[in-house]
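These are my notebook entries on one structure, kept in the order in which I looked things up. The coordinates come first and the entries follow.

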Amino acid sequence: MAATASNKRVILKRYVTGLLSEVDMEVVTTEAPPLAVPAGSEAVVVKNLYVSCDPYMRTRMTRHEMPSYVPDFVPGEVLANFGVMRVISSGHRDFKAGDLVWGITGWEEYTVINNPESLFRINHPKLPLSYYTGILGMPGLTAYAGFFEVSKPKKDEYVFISAASGAVGQIVGQLAKIIGCYVLGSAGSDEKVSLLKTKFGFNDAFNYKKEPDLEAALRRYFPEGIDIYFENVGGETLDAVLPNMRLGGRIAACGMISQYNLERPEGVKNLFYIVTKRLRMEGFLVFDFYDRYYQFEEEMAGYLKEGKVAYVEDIVEGLDAAPAALIKLFTGRNVGKQLVAIARE
């Protein structure tokens with residue numbers, strides 16, 4: 001098998017401080033890797049079909065003196081994130097040419113993956129393959145594990161979700177409805193608020209940009225308090241939630257997107273409520289729940305096929321559009337799960 005002529009890819013141009021911009025990234029064309037795995041190698045070569053845009057990528061674009069939970073990107077090297085792939089050639093006994101998989105890959109057309117044990121096989125290829133960057137992939141497992149394993153919900157509890165129309169939030173809300181919780185979400189536009197109430201079945205939702213006093217707004221929407229807060233935003237939102245939690249409430253800390261572009265993170269003033277209200281606030285990473293993935297995949301695929309859950313995607317075409325698509329996550333211009341289609345098959 002000969003190498004293809006070229007391999008379009010998105011690289012980090014320089015370490016980022018402050019707000020991410022397109023000039024921090026660059027789309028380049030290089031020689032593609034050999035498409036045949038060398039004899040004796042356990043690597044796989046994949047053709048990337050879809051790649052995901054996720055907020056945590058921004059944290060990898062800053063140089064950290066203290067190591068973070070994932071390594072920093074390196075200027076001049078290709079960006080990497082979760083994606084959907086077709087195996088072109090394989091030296092690993094678990095994969096063969098033609099297999100559809102998802103996992104960490106490069107923001108490029110072709111990638112050599114030297115640790116294919118990190119990949120997950122796609123067992124429901126008749127569902128949209130793009131769903132494996134979202135509801136059937138990392139965001140879906142994040143929502144499932146964060147809600148059921150970390151939040152430990154009970155029927156009739158009051159659930160609040162920030163960034164509720166995003167890749168994770170829209171799933172958490174629907175899972176909460178399935179088990180009989182009261183669900184309210186916040187989002188940054190009237191269009192997204194409408195989606196939450198009509199498409200995803202939330203009991204209510206509000207546009208946080210129209211609420212000058214977020215703490216008072218939450219008191220209005222949750223007069224009896226919040227049992228579970230699924231935290232995606234941080235900063236002022238977390239500060240407003242804490243006084244509105246019920247005794248013994250739980251906060252699942254999934255992400256804090258409001259902080260990722262700040263050179264100096266905002267402080268939180270209301271932390272003493274964790275003591276007085278006997279709250280449990282727990283952070284988690286999806287990697288800790290990979291052993292549950294195939295159980296989750298079957299359950300979520302069932303919900304999709306039965307029409308119990310819906311999913312909204314925001315897809316851009318081609319790697320040239322990828323830098324702008326990633327930035328949309330931080331300006332609120334995306335609607336639903338943001339991803340890039342590299343090659344539709």
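What volume does the second largest pocket have? I read about 580 Å³ for this pocket, where a pocket is an open set of points on a 1 Å grid over the protein atoms alone at which a 1.4 Å probe fits, with protein on both sides within 12 Å along at least five of seven lines, and where lining residues have an atom within 4 Å of a point. The volume is the space filled by probe spheres set on the points, which are joined across faces, edges and corners.

Before going on I note that this is a predicted model, in which local features need pLDDT of at least 70 and side-chain atom pairs count only at pLDDT 80 or more, while totals for chains, interfaces and linings use all residues. Residues are numbered from 1 along each chain as its sequence is written, and side-chain values use heavy atoms, with hydrogens and water left out.

Entry: Strands β1 (7-12), β4 (80-90), β5 (100-106) and β6 (110-113) each supply at least two lining residues, and β5 gives the most, with five; strands (E, at least two residues) and helices (H or I, at least four) are DSSP runs numbered from the N terminus. By class I noted 17 nonpolar, nine polar and six charged residues in the lining, with Ala, Val, Leu, Ile, Met, Phe, Trp, Tyr, Cys and Pro taken as nonpolar, Asp, Glu, Lys and Arg as charged, and the others, Gly among them, as polar.

**Entry: domains.** The domain assignment, whose bounds come from an automatic or database source, gives domain 1 (6-134 + 312-341) and domain 2 (139-287). I noted 28 Å between their centres, taken over C-alpha atoms, and 22 residues of domain 1 in contact (heavy atoms within 4.5 Å) with 16 residues of domain 2.

**Entry: Leu136.** I placed Leu136 in the loop between β7 (120-121) and α2. Leu136 has 0% relative accessibility and so counts as buried, a word used for under 20% relative accessible area, with exposed over 50% and partly exposed in between (1.4 Å probe, protein chains only). Leaving out residues up to four places away in sequence, I listed its contacts, among them Trp102, Tyr131, Tyr293 and Phe296.

**Entry: aromatic pairs.** I looked up 22 aromatic pairs, which are rings of Phe, Tyr and Trp (its six-membered ring) with centres within 6.5 Å, stacked at under 30 degrees between planes, edge-to-face at over 60 and otherwise tilted. Phe147 and Phe148 pair edge-to-face, at 5.2 Å centre to centre and 65 degrees between the planes; Phe147 is buried at 0%, whereas Phe148 is partly exposed at 24%. Phe160 in β8 (158-161) and Tyr229 in β11 (226-231) are 69 residues apart, and both are buried.
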